[in-house]
Amino acid sequence: MTAPSITLHGTPYSGHVHRVALLLRMLGLEYRFVEAPGPVRQSAAFRALNPLGQIPVLEIDGAVLADSNAILVYLAKHFDAGGTWLPETPEGAAAVQRFLSLAAGELAFGPAIARAVAQWQMAGVPAEARRVADKLLAFLEPHLAGREFLAAPHPTIADLACYSYLAHAPEGGISLDPYPALRAWLARMEALPGFFPMPRLPLPAA
């Protein structure tokens, strides 16, 4: 079988991009990375790929895909014949979808927004982002206390969708010290074959 031609558009510090890059690596898929900072995303050429001007965008054998969670689903369905990354059973698929929704909801509006406000002065209310983050972490800690991964006994795209912004929550002033089960899960993710870290940013002043 001929290897697919894959190009991933994004930036190194985007958790949305990192989750896609992680799955590509873990599936053993080679890809070309093209940086797409803010000015590039406003260009006509990029808007032709994604009219919303958002990253990541994945080009694969002529197809163009946008939205990180949608890309994770596509890659898992297309390249993981065993259904490990996206379980085929109704219960397994529903469990994964729950965390994809959390990644697009509480994770995005909590730890991710707090990090963007602290690092790049993005518009947002830090106190509200911290409140959302605290609520999310209070849910995840007991959930992970009795299991190794979020949605199944093995890693799935649910874990990849949630990893990057949780691992980098301290860059938004969100401490992970009170959450030992979550930190143990982060360590398990970082021990997976194919894992590579997202670049670290300085912690905000206390």
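Predicted model: local features only at pLDDT ≥ 70, side-chain atom pairs only at ≥ 80, totals over all residues.
**Whole chain.** Start with the cartoon. Nine helices and four strands make up the secondary structure. Trace them along the sequence and the order reads β-α-β-α-α-β-β-α-α-α-α-α-α.

**Overall dimensions.** Switch to the C-alpha trace. Along the principal axes, the trace spans about 50 × 40 × 25 Å. The radius of gyration is 17 Å, which agrees with the value near 17 Å for a compact globule because the protein has 206 residues.

**Surface.** Now show the accessible surface. The area comes to about 9900 Å². Carbon and sulfur atoms account for 59% of that area. Next, select the charges: 15 are positive and 17 are negative.

**Burial and contacts.** Colour by relative accessible area. Of the 206 residues, 50% count as buried.

**The core.** Hide the surface and go inside. In soluble globular proteins, nonpolar side chains tend to be buried together. Here the largest nonpolar core holds 63 residues. Select L58, I157, L166, L182 and W185, which have the most contacts inside this core. Then select helix α8, residues 157-167. Helix α8 gives the most to the core, with nine residues.

**Last stop: W185.** Which residues does W185 touch, leaving aside those up to four places away in sequence? Show L144, E148, F149 and L150, then D159, C162, Y163 and L166. W185 touches each of these eight side by side with its place in the core list above.

Definitions and conventions:
Residues numbered from 1 in each chain as written. Heavy atoms only, no water. Helix = DSSP H or I, 4+ residues; strand = E, 2+ residues; numbered from the N terminus. Rg over C-alpha atoms; globule rule 2.2 N^0.38 Å. Buried < 20%, exposed > 50% of the residue type's maximum accessible area, 1.4 Å probe, protein only. Areas by Shrake-Rupley, 256 points an atom, 1.4 Å probe, with all protein chains shown as cover. Lys, Arg positive; Asp, Glu negative; His and termini not counted. Charge placed at Lys NZ, Arg CZ, Asp CG, Glu CD. Core = buried A, V, L, I, M, F, W, Y, C linked by side-chain atoms within 4.5 Å. Contact = heavy atoms within 4.5 Å.
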